[in-house]
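Hi everyone, thanks for making the time.

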Amino acid sequence: SVYPLEPTPDVFFADDFAWSWQVLPDGLLYKSYLAGTRESRISGAMLYDTKEGWLFDATLGGRTGILRYGSPGASGAEGWQLDVEGAAFVRLNSEEAWDVDSVDFRFGVPLTYRRGRWQWKTGYYHLSAHVGDEFLARNPGFRRINYVRDAVFFGLGYFPVEDIRLYGEIGWAFKTDDGAEPLEFQFGADYNPAVDDALRGAPYAAINVHLREEVDFGGGVNLMAGWQWTGPISGSIFRAGLQYYNGKKTQYSFYNQHEELIGVGLWYDY
């Protein structure tokens, strides 16, 4: 998102407004991880799997603020905010007439806080995994699983400089099913520069590492880079670029299988 270009030594973000209660506030206080593979957004990526050929991964969802106590606006705002999020993560197999191989569903309620260089979030999410009917018809011997996570999480972000965020997050599932186990960790970095000309845009780069107990704390590494445009009022981000992923499959119906993906895509973050 766009941050003040000349932060004071004591306050990283501008603090020109008194805090107040706001219903349906503009923007988010804790932005989605740019390279996070299970963030609620709108996206589509054409990816080449080194074992299975060309796949299309799409995300249909979003995250929005419900209530804020803090400063107004989407850029540089501070305070407390309650959000809701939800998304469907769909994988289509272009090698098989664009069949739906699988879809994961997520719903969550994050509580976020931002002040100066620091941001914080906690909350709850539910995630469930489902195999497509066409996939089951092509693979009659496949044993369908009912992978489910009901989890609480805690995340922390820090801006060492204006354009870079470092973050870490831990999740603990109090309810699991069919292979899912309680603990998960993710950490990474986002390079997300502020720009004066929203039409011109700017480059971006991001890395996310996601480790999961159910695969002996293996997981995956996701790398992304490209060009982005940021809404000067909304703070929303539209990106185009390259993606490389290596690790356990991000579709949790196949959570213990390995994949290596490379391709291009478009991503829209609220």
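To begin, how many helices and strands does the protein have? There are one helix and 13 strands, where helices (H or I, at least four residues) and strands (E, at least two) are DSSP runs numbered from the N terminus. Along the sequence the order reads β-β-β-β-β-β-α-β-β-β-β-β-β-β.

A quick word on ground rules. This is a predicted model, with local features needing pLDDT of at least 70 and side-chain atom pairs counting only at pLDDT 80 or more, while totals for chains, interfaces and linings use all residues. Residues are numbered from 1 along each chain as its sequence is written, and side-chain values use heavy atoms, leaving out hydrogens and water.

Now the overall dimensions. The C-alpha trace spans about 60 × 40 × 30 Å along its principal axes. Of the 270 residues, 51% count as buried, meaning under 20% relative accessible area, with exposed over 50% and partly exposed in between (1.4 Å probe, protein chains only). Looking at contacts (heavy atoms within 4.5 Å) with a separation of 6 or more, 62% come from residues 24 or more positions apart.

On to the rings. The structure holds 20 aromatic pairs. Rings of Phe, Tyr and Trp (its six-membered ring) pair if their centres lie within 6.5 Å; planes under 30 degrees apart are stacked, over 60 edge-to-face, and the rest tilted. Take Trp-19 and Tyr-69: their centres are 5.8 Å apart and their planes at 85 degrees, so this pair is edge-to-face. Trp-19 lies in the segment before β1 (20-23) and Tyr-69 in strand β3 (residues 53-70), 50 residues apart. Both count as partly exposed, Trp-19 at 24% relative accessibility and Tyr-69 at 32%.

Next, Tyr-147 and Tyr-255 form a tilted pair, 5.6 Å centre to centre with 40 degrees between the planes. Tyr-147 is in the loop between α1 (133-138) and β7 (148-161), and Tyr-255 in the loop between β12 (237-248) and β13 (258-269), 108 residues apart. Are these two buried or exposed? Tyr-147 is buried at 0% relative accessibility, and Tyr-255 is buried at 15%. Elsewhere, ring pairs join Trp-80, Tyr-113, Trp-120 and Phe-154 into a cluster.

Which residues make up the largest nonpolar core? There are twelve, including Tyr-147, Tyr-252 and Tyr-255. Such a core is a set of buried Ala, Val, Leu, Ile, Met, Phe, Trp, Tyr and Cys residues joined through side-chain atoms within 4.5 Å. The elements giving it two or more residues are β6 (118-131) and β7, and β6 gives the most, with three.

One last stop: Arg-38. Its charged end sits over the ring of Tyr-252, 5.7 Å from the centre, and Arg-38 also lies over the face of Phe-89, at 4.4 Å from the ring centre. The test is NZ of Lys or CZ of Arg within 6 Å of the ring centre and within 35 degrees of the ring normal.
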